[in-house]
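Subject: Structure handover

Hello,

Please find the structure below. My notes on its pockets and salt bridges follow.

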Amino acid sequence: MRKFIAAAVLAVVAATGLSACSSASDPNVLKVGTEGTYAPFSYQEGGTLTGYDVEVARAVGEKLGKRVEFVQTPWDSIFAGLESERFDLVANQVTVNPERTAKYALSQPYTTSEGVIVTKADNATITSLASLAGKTTAQSATSNWSKVAADAGAKVEAVEGFVQAVQLLKAGRVDATVNDTLAVGEYTKKTGDTGIKIAARTGETSEQAFAARKDDTALITDVDKALAELRADGTLARLSEKYFGIDVSK
């Protein structure tokens with residue numbers, strides 16, 4: 001009877017795609033949560049997960065002597081996945097802010113970027129962050145950019161990611177979206193979309209890092225050491241140039 005129950009449990013695990021054991025039971029595996037839909041940081045290309053964050057995470061894993069396994073997760077549930085131990089680390093342009101610093105163990109930053117406000121090309125009413133007061137923006141609900149928009153006085157409509165935000169923007173359902181200049185640049189480069197524009201900059205420079213559970217300081221210590229080595233040997237600069245044409249790791 002016990003063998004039957006065990007077999008049934010394993011069948012359910014296999015069917016649902018859940019892991020019967022976490023990476024905590026396998027010291028040779030580093031499980032990393034990422035969206036897989038946020039180009040150029042984490043996205044699918046020809047059925048393969050790739051991107052700046054993905055490659056940096058893989059390089060960190062190599063330095064740690066661990067095999068990296070990615071768990072694709074929507075952004076708005078990615079920290080819940082971290083807290084429930086579905087994975088060990090989040091690699092998805094996690095912006096460093098006081099709230100996250102208090103709640104999670106964050107690595108040293110590996111990306112520096114700037115926030116921008118995107119509108120339809122013919123919109124002349126939004127020219128600054130202050131212009132968002134009373135307007136509606138489309139943002140991932142738990143993103144740093146959602147807070148930036150809300151703090152500026154905008155009403156925030158929740159979406160899964162930047163592509164969905166642009167769709168609402170072009171359909172006239174929202175006035176703007178706030179996002180990372182690197183992500184916006186990648187979108188316009190790949191799509192050639194002339195229906196939107198960067199209307200203004202937020203005036204904020206942000207830093208992005210890996211996130212682990214608050215009590216997993218040993219992992220972050222190891223990740224920081226790996227990042228320092230990757231910065232020193234030129235890997236971070238090379239990956240930056242590959243995806244952005246500039247070094248965003250400084």
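**Pockets**

The largest pocket has a lining of 27 residues, and those nearest its centre are Glu35, Tyr38, Trp75, Ser140 and Gly161. This is a predicted model, in which local features need pLDDT of at least 70 and side-chain atom pairs count only at pLDDT 80 or more, while totals for chains, interfaces and linings use all residues. Residues are numbered from 1 along each chain as its sequence is written, and side-chain values use heavy atoms, with hydrogens and water left out.

A pocket here is an open set of points on a 1 Å grid over the protein atoms alone, where a 1.4 Å probe fits, with protein on both sides within 12 Å along at least five of seven lines; lining residues have an atom within 4 Å of a point. The volume of the largest pocket is about 380 Å³ (the space filled by probe spheres set on the points, which are joined across faces, edges and corners). Its lining comprises ten nonpolar, 13 polar and four charged residues (Ala, Val, Leu, Ile, Met, Phe, Trp, Tyr, Cys and Pro count as nonpolar, Asp, Glu, Lys and Arg as charged, and the others, Gly among them, as polar).

The second largest pocket holds about 180 Å³. Helix α7 gives the most to its lining, with five residues. By class, that lining has seven nonpolar, two polar and two charged residues. Among its residues are Thr37, Tyr38, Phe162 and Lys190. Helices (H or I, at least four residues) and strands (E, at least two) are DSSP runs, numbered from the N terminus.

**Salt bridges**

The whole structure contains twelve salt bridges (a side-chain nitrogen of Lys or Arg within 4 Å of a carboxyl oxygen of Asp or Glu). In one of them, Glu55 pairs with Lys242, with the closest N and O atoms 2.5 Å apart. Glu55 is in helix α2 and Lys242 in helix α9, so this pair ties together parts 187 residues apart in sequence. Lys242 is exposed, at 52% relative accessibility (exposed is over 50% relative accessible area, buried under 20%, partly exposed in between, with a 1.4 Å probe and protein chains only).

Arg201 forms a salt bridge with Glu114, the closest N and O atoms being 3.4 Å apart. That pair links strand β12, which holds Arg201, to strand β8, which holds Glu114. Arg201 is partly exposed at 46%, and Glu114 is partly exposed at 27%.

Salt bridges also link Lys63, Glu229 and Asp233 in a network.

Regards
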